[in-house]
Amino acid sequence: MFRKLSTEFLGTFWLVLGGCGSAVLAAAFPQVGIGLLGVSFAFGLTVLTMAYAVGGISGGHFNPAVSVGLAVAGKFPTSRLIGYIVAQVAGAIVAAAVLYVIATGKADVQLGGFAANGYGEHSPGGYSLMAALVTEIVMTFFFLFIILGSTHGRVPAGFAPIAIGLALTLIHLVSIPVTNTSVNPARSTGQALFVGDWALSQLWLFWVAPLIGAVIAGVVWKIVGEED
């Protein structure tokens, strides 16, 4: 179990450092910033690379919503949920701390939202709470559905991380303007702790919505995805 929890910690650390790091450090770099497209690919690449690296050890969840969705679908033992979620959140917090140290190493730094997730006035596009809620539920639902489908035994082995990484990229391409894209409560928690204030007060949505989407995906998969 130690190996599984350690790799979940490391995988979530990489996701937050790579994904949020691209948003904080590289997205708006003068003249050569990577923009929303680059950030979207960065998140997808973190999952793709770590899924290949450690997916064979822990399953490569790196996300409490993924662990819950897989458990609902009967693909993951509920007895391991708490341990996985603690490891994932810890990895995200440590990654956010490392990113904070790096980002504040520049003179006159302005961290802005530090890639935290938000709605209303803290949404990148000014989208409402309802828009954010719907977006996070729907995007997490499809993320879990793709994970469940691409890891099914009837799909050729070895290709699942590609589908999952590209799915996360697409999700970010669609939803960064709405919420800065969470679909991952651990990722949201790490950044919110360092922003404080509004990010912590809005953090509830980025736990509730992804978990709802994940549960729905797990239920739907059991109905339409499994063979009789």
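Visitor: Is N184 buried or exposed, and how is that decided?

Guide: Buried means under 20% relative accessible area, exposed over 50%, and partly exposed in between, with a 1.4 Å probe and protein chains only. N184 has a relative accessible area of 3%, so it is buried. This is a predicted model, in which local features need pLDDT of at least 70 and side-chain atom pairs count only at pLDDT 80 or more, while totals for chains, interfaces and linings use all residues. Residues are numbered from 1 along each chain as its sequence is written, and side-chain values use heavy atoms, with hydrogens and water left out.

Visitor: Where is N184 found, and which backbone oxygen does its side chain reach?

Guide: Helices are DSSP runs (H or I, at least four residues), numbered from the N terminus. N184 is found in the loop between helix 6 (160-179) and helix 7 (185-195). A polar contact is a pair of N or O atoms within 3.5 Å; within protein, one must be able to donate a hydrogen and the other to accept it, and residues adjacent in sequence count only if both atoms are side-chain atoms. The side chain of N184 reaches the backbone oxygen of F62 at 3.0 Å, and a polar atom of that side chain lies 3.0 Å from the backbone nitrogen of A186.

Visitor: With which residues is N184 in contact, leaving aside its neighbours within four places in sequence?

Guide: Contact means heavy atoms within 4.5 Å. With those neighbours left aside, N184 is in contact with L15, F62, N63, P64, F206 and P210.

Visitor: How do the axes of helix 3 and helix 5 cross?

Guide: Axes are lines fitted to C-alpha atoms, for helices over the stretch in contact, and angles run from 0 to 180 degrees between N-to-C directions. The axes of helix 3 (residues 64-72) and helix 5 come within 10 Å and cross at roughly 60°. Helix 3 is therefore oblique to helix 5; angles under 35 degrees count as roughly parallel, over 145 as roughly antiparallel, 65 to 115 as roughly perpendicular and the rest as oblique.

Visitor: Which residues meet there?

Guide: From helix 3, A65, V66, G69 and L70 meet T140, F143, L144, I147 and L148 of helix 5. The residues of this contact divide into seven nonpolar, two polar and no charged; Ala, Val, Leu, Ile, Met, Phe, Trp, Tyr, Cys and Pro count as nonpolar, Asp, Glu, Lys and Arg as charged, and the others, Gly among them, as polar.

Visitor: What is phi of F114?

Guide: Phi of F114 is near 55°, a positive value in a residue other than glycine. F114 counts as buried, at 2% relative accessibility.

Terms used
Helix = DSSP H or I, 4+ residues; strand = E, 2+ residues; numbered from the N terminus.
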